[in-house]
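Biologist: Could you walk me through reading a protein model? I am new to this.

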Amino acid sequence: MPDKGVHGPLAGVRVVELAGIGPGPFAAMLLADLGADVVRVDRPGAPGLAIDPAYDITNRNKRSVVVDLKAPEGVERVLALVERADVLVEGYRPGVAERLGVGPEVCHARNPKLVYGRMTGWGQDGPLAQRAGHDIAYIALTGTLGMIGEPGEPPTVPVNLLGDYAGGSLYLAVGVLAALHHARATGTGQVVDAAIVDGAAHLASMIHGMMAAGGWQDRRGANLLDGGCPFYGTYETADGQYMAVGALEQQFYDEFIELIGLREIAPARKDLARWGELRQAVAARFKTRTRAEWTALFDGSDACVAPVLSLREAPHHPHLAARGTFTDHSGITQPAPAPRFSATPVSVRTGPAQPGADTADVARDWDVAALLDPTQEGA
């Protein structure tokens with residue numbers, strides 16, 4: 001049975017997050033979702049994102065203190081937190097944390113067991129390490145962006161999910177947890193250099209293997225998984241909506257062809273020269289009914305066909321609703337924490353941390369009285 005007093009498998013792990021934007025906060029949110037006590041050190045002044053902090057879901061399940069790292073007493077306050085932390089996460093350009101006085105060497109002098117997680121786009125070294133950048137540039141250089149989109153058209157921008165969050169945040173979280181395991185086994189902390197270019201490149205490992213084996217062409221829209229395959233892609237319906245088809249294996253393809261009513265053209269699956277003909281036939285058939293009608297037709301089948309839903313529609317899908325994939329908290333519908341654990345369940349415990357709102361509580365819980373200004377001693 002789950003321990004009702006434990007909120008996630010990382011309960012008891014203390015994390016200091018030096019405020020930033022993008023993949024660093026998301027990685028820290030993931031650790032917080034898994035139960036870690038994440039204290040975000042916000043800067044005085046306006047928030048980094050151009051949204052109300054009350055809606056910044058990446059700060060859920062965290063607590064916030066405001067510290068001016070450009071002031072000597074501010075550096076000491078952060079280092080006092082570091083002494084009591086297991087993990088630190090920062091997303092500055094290389095060298096900035098050192099100039100501020102909270103780089104790895106200083107932090108490890110205060111806490112040798114600390115896992116120091118660094119989140120950047122280009123990495124801590126290399127010719128571009130000091131250059132500015134965003135998700136789109138990182139995935140462009142790794143070849144990842146070039147795989148996505150229609151042939152003869154510009155590459156399709158996959159929001160900032162592929163670089164910032166998949167290639168960045170998730171790799172930082174995995175790296176931090178691996179280093180934390182090592183620190184607890186050996187008593188020695190280390191620096192985790194999580195670069196989006198490294199993670200985005202690593203995500204394409206299978207594709208590189210397929211290309212080396214001759215099973216992947218180095219161009220868009222010509223391969224099994226990039227939209228080039230007529231039975232792995234999206235199709236417009238009669239009402240201007242879309243259905244997604246992923247009938248790769250023969251048995252799933254057979255069921256798809258049967259349900260869509262194209263048995264006469266089924267052999268084209270194995271003939272690359274007929275893929276264009278097959279695509280046209282499938283596209284024409286999908287245009288004959290609405291998305292709702294096709295969804296009903298394929299419901300309960302193994303044809304691997306699903307409606308393409310919008311962000312607002314997704315939480316209401318029966319399967320996602322039944323699993324609680326989305327949750328409502330603080331007036332915001334949002335994805336629930338993932339993955340799930342049988343003994344240490346996770347949940348959205350608190351809404352987005354408001355800058356500085358938790359200073360007194362953190363000072364007490366972490367025994368860092370230095371966080372409180374003299375005027376706040378009675379807070």
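Biologist: Which residues in α6 meet which residues in α7?

Modeller: This is a predicted model, where local features need pLDDT of at least 70, side-chain atom pairs count only at pLDDT 80 or more, and totals for chains, interfaces and linings use all residues. Residues are numbered from 1 along each chain as its sequence is written, and side-chain values use heavy atoms, leaving out hydrogens and water. Leu162, Gly163, Asp164, Ala166, Gly167, Gly168 and Tyr171 of α6 meet Ile196, Gly199, Ala200, His202 and Leu203 of α7 (contact means heavy atoms within 4.5 Å; helices are DSSP runs of H or I, at least four residues, and strands are runs of E, at least two, numbered from the N terminus).

Biologist: At what angle do helix α6 and helix α7 pack?

Modeller: Two packed helices are described by the angle between their axes and the distance between the axes. Here α6 (residues 161-186) and α7 (residues 196-203) pack at about 100°, with axes 8 Å apart (lines fitted to C-alpha atoms over the stretch in contact, with angles from 0 to 180 degrees between N-to-C directions). That makes α6 roughly perpendicular to α7 (65 to 115 degrees; under 35 is roughly parallel, over 145 roughly antiparallel, the rest oblique).

Biologist: Where does pLDDT stay under 50?

Modeller: Where pLDDT is low, the predicted coordinates should not be read in detail. pLDDT, the predictor's confidence in each residue from 0 to 100, stays under 50 over residues 375-379. The protein chain averages 94, and 95% of the residues score at least 70.

Biologist: What do β7 and β8 form?

Modeller: A hairpin, with 5 residues between the strands. Gly240 in the turn has a positive phi of about 80°.

Key:
Pairing = 2+ DSSP bridges.
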